[in-house]
Structure formats: structure tokens, C-alpha cells
Amino acid sequence: MKTLKKIMAGLLFAALAGAIFYGTVWGFENGWSFKKAITASGESPTAGGATPVVRTPSNKTKTELNKTDVIRFTDKASVQLLEDIDIESIVNKVLPSIVSVQCTVRTENIFGQYSTGDVEGSGIYLECKDANLYLVTNAHVVEGATSIKVTFSDGESYDAVLKNEDSLYDLAILTVKKSQLKSSTLQTITPATLAESKEVHVGEMSIAVGNALGYGTSVTVGYIGALNHHYSSDMKKVSLIQTDAAINPGNSGGALVNIDGEVIGINSSKLASTEVEGMGFAIPVTVAIPLIRELEKKDLVAAGEEGYLGIYISEITDEEIKLFGWVNGVYVKDIVENGAAAESQLLAGDIITAVNDVPVMSTEQLQSRITSYRYGTTVILTVQRFNNGVFEELQIPVKLKEKSF
């Protein structure tokens, strides 16, 4: 009798264990976890009567998701939406404002011998005023050029003139006389739309358009990888947009655009492939626009006519920003007696952050900005001044003087 009971108990235990095992397997296959069991009503039992938070899938339509300026999703649904973006339509909107730039450059070797060569780049048509078309490109594209030609989207080429440039920010303005252009070209081209008021976000789709390798207009697609990337000693502390859209030689001066066909950056530099792959850079239009407008208005300053501010300066380091809470800019150590700054409201201890709304974050940038104006010109310095424990922003006008020593 005892033996029979043991046998029956063993059979009952085995049946129960088997039921638990298969039930557990079924539960895992159908979404169970050790952390939470979901009831038929979609709620999970909780201790103390607390209301559980249940994540439900989004029921938004593609139209609703695309109402925002940029796409910020990284899940499977977003990839499907990105596949539906009409790249061809975006490019067709941008191409009428993109030009190819061809320069003849004269160089001198160490033996004093001269030779000429060709340089290819890209440019963006900005506007037409005063009987001239204004275009922006990179300063390094036209450096040392003895002649410049631009080719518009209809394939027609015309002579261009360097209006002004800023080599430190790698921007240059070209002009083309409207009277040169054929009527067919005028009917084809349109000024670019600049995304002046829109923010750029990491993960946003970007499209690079330009004259890659000098073969004609090309298009590459990628995403924004970083926004405040500081790259190259010549452009120290300039905030660049980083993208994995391929930017190759010849793309310099071309447009980086968003999915609305608006220019968000001016393609500038690409790290050497031996150092890193898949990283291209563009100057944000928010940085470029004040400088572009200024370069359009004024001519190149002749040697000996450069403006002089009259201050002793030093660069603010990242350590000083972290330790003391200082802002990014150029620190005024002292004021030169009888200089331009001495006749203004600028004080030692001030931090200069911009000149005529163009950011300056290094001593080289400040010096470049000041010397780009003729003496006698009044500039507006944006200054951060530490007062009563906080920084306050001031706009200080300074009339530049001639450097006398």
C-alpha cells in the first residue's frame, strides 16, 4: 500500500512538473517575463495598488510623423519612412542653385619658377542684386586664382570675379555680371533657400550636392553625426557640422541640404582617408550668413589699410571654461593706450565673442575679423562682462584706428 502511494505521488509530481515546464515555455514564447506578467486587460499586477505604466505602440500615421522639420526616430518604423523620402525631388529643388567652379591657378616653386594649373570646386547661387549674381564658395577653392569660371545647372559657363574672402572661415564671395548670362540660363537658375531659422539635429538626414572630383554635379546622402565638431588648426574652434554624406575633392563650396531642400551648411573639409573614413564637414549657415552678408557689401582691404583695435588678448582654454564657468571667446588682458579700444567702453577682463555678429572663438579669428576692415570703420563687438557674479552681454561700438607701429 505504501509502495502504491509512493508510485502515485511520483506520477503526480512528474505530471505537475511537466505542466509547469511546458507552461513556462509557452509563456516565454508569448511575451512573458520574470519581471512582469501581462493580464488579459493589458495591465500588469502591481503591489500596493500602484498604476502600472504600459508602453503601447505608436498609432501615428506617416503624415503625422513627417509634420516635424526633421526625422528624429531610430527604430524600424523610421527607417521605413526614410526609404519613402523622395531624394530626387529634393535634389531637383537644389540643383538650380548649385554651380561648378573652375579656377586657373598660378604657383611658384622654390626655384622661383611659375606654373599654372586647374582647380575644381563648387559654389552656391545666393541672390541677384545691383546687376550682379552673388555666389558663395570656399576661400581655398579660389586661392591664388588668376581666372575664375562658374558653370550653372544648364551647362553654360561664365566669367566670375572674386568679390571678397575670409580665409580663416574658408568663405569667399564671387560675382557674375547678370548681363553676361543667356536668357536660357536666367530662366533655369534660382537662388538657394538657406535654413536660417531651423535647428539642425544629430541623426537628421543630409544631402551633399557639388562638383565632386570635377566630374560635374553629384549627390551623396547621409546623416548628421555631430554639430559642434572642431576640426583643423586653420579653423580652430569653428563649429562645423559633421556628416557621413561623402564630401570629396571638388565638393568644397557646395551645399549640404536637409530633406526640405534648404541649405544647412557649406561643404568645406574632408579628413584624409588615411586618418578616418566617412566624416565630411560643412560650415553651418547660421555661422556663415552674417559673414556672407558682410563679404557681399565690402571689398578686399588693401595692404597697409587694415584696422587696428589696440588690445592685448589671450585665448580662453577649455579648462578655464570648465573651472571658472567662462564663456567661449577671446579674453581682453589689457587695453593699449591711445588705441581704438581705449576710446571705447571695452574693459580689461571682457570676453569678446563676436565682431559684427560673426562669432570669434580664437585670437586668430579676432585678428582676422578686425584686419578685414579698413581703419576708420566702426565695428560692433559682442562682449561678455562679469558683473555681480554673472556674465552680461554688451554691444560695444569701436572705431578702428590705423596701426602706427
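This is a predicted model: local features need pLDDT of at least 70, side-chain atom pairs count only at pLDDT 80 or more; totals for chains, interfaces and linings use all residues.
Colleague: Leaving aside neighbours within four places in sequence, which residues is A226 in contact with?

Modeller: A contact here is a pair of heavy atoms within 4.5 Å. Take away the neighbours within four places of A226, and the remaining partners are V202, L240, I241 and Q242.

Colleague: And how far apart in space are A226 and D244, C-alpha to C-alpha?

Modeller: Along the sequence, A226 and D244 are 18 residues apart. In space, from C-alpha to C-alpha, the distance is 9.9 Å.

Colleague: Let's step back. How many helices and strands does the chain have?

Modeller: Helices here need at least four residues and strands at least two. With runs picked that way, the chain has nine helices and 20 strands.

Colleague: Which element has the highest mean pLDDT?

Modeller: Over the whole chain the pLDDT averages 76, and 72% of the residues score at least 70. Among the elements, helix α3 (residues 76–83) has the lowest mean, 44. The highest mean, 95, belongs to strand β3.

Colleague: How many contacts beyond four places in sequence does the model have for residues 65–81?

Modeller: Across residues 65–81 the pLDDT stays under 50. Even so, the count of contacts beyond four places in sequence for this stretch is 17.

Colleague: What share of the contacts with a separation of 6 or more is between residues 24 or more positions apart?

Modeller: We're taking the contacts in the chain with a separation of 6 or more. Those between residues 24 or more positions apart account for 61%.

Colleague: Is C103 buried or exposed?

Modeller: Buried means under 20% relative accessible area. C103 has 3%, so C103 is buried. For contrast, C128 has 35% relative accessibility and counts as partly exposed. A search of the whole structure finds zero disulfides, and the answer for C103 is buried.

Colleague: Two residues have a positive phi without being glycine, A131 and D170. Which one is buried?

Modeller: A131, with a phi of about 65°, is in the loop between β2 and β3. Its relative accessible area is 53%, and exposed means over 50%, so A131 is exposed. D170, with a phi of about 60°, lies in the loop between β5 and β6. At 7%, under the 20% limit, the buried residue is D170.

Colleague: By what distance are the C-alpha atoms of R106 and T146 separated?

Modeller: R106 lies in strand β1 and, at 48% relative accessibility, counts as partly exposed. Its contacts, leaving aside neighbours within four places, are Y114, S115, T116, G144 and T146. R106 and T146 are 40 residues apart along the chain, yet their C-alpha atoms are separated by 6.6 Å.

Colleague: Now pockets: which element gives the largest share of the lining of the largest pocket?

Modeller: That pocket has a volume of about 340 Å³. It is lined by 15 residues, with Y308, L309, Q367, T371 and K403 the closest to its centre. Elements giving two or more residues to the lining are β13, β14 and α9. The largest share, four residues, comes from α9.

Colleague: Last one: how far apart in space are E315 and M361?

Modeller: E315 lies in strand β14 and is partly exposed, with a relative accessible area of 21%. In sequence, E315 and M361 are 46 residues apart. In space, C-alpha to C-alpha, they are apart by 7.7 Å.

Note on methods
Residues are numbered from 1 along each chain as its sequence is written. Side-chain values use heavy atoms; hydrogens and water are left out. pLDDT is the predictor's confidence in each residue, from 0 to 100. A disulfide is a pair of cysteine sulfur atoms within 2.5 Å. Buried means under 20% relative accessible area, exposed over 50%, partly exposed in between (1.4 Å probe, protein chains only). On a 1 Å grid over the protein atoms alone, a cavity is a set of points where a 1.4 Å probe fits but cannot get out, and a pocket is an open set with protein on both sides within 12 Å along at least five of seven lines; lining residues have an atom within 4 Å of a point. Grid points are joined across faces, edges and corners, and a volume is the space filled by probe spheres set on the points.
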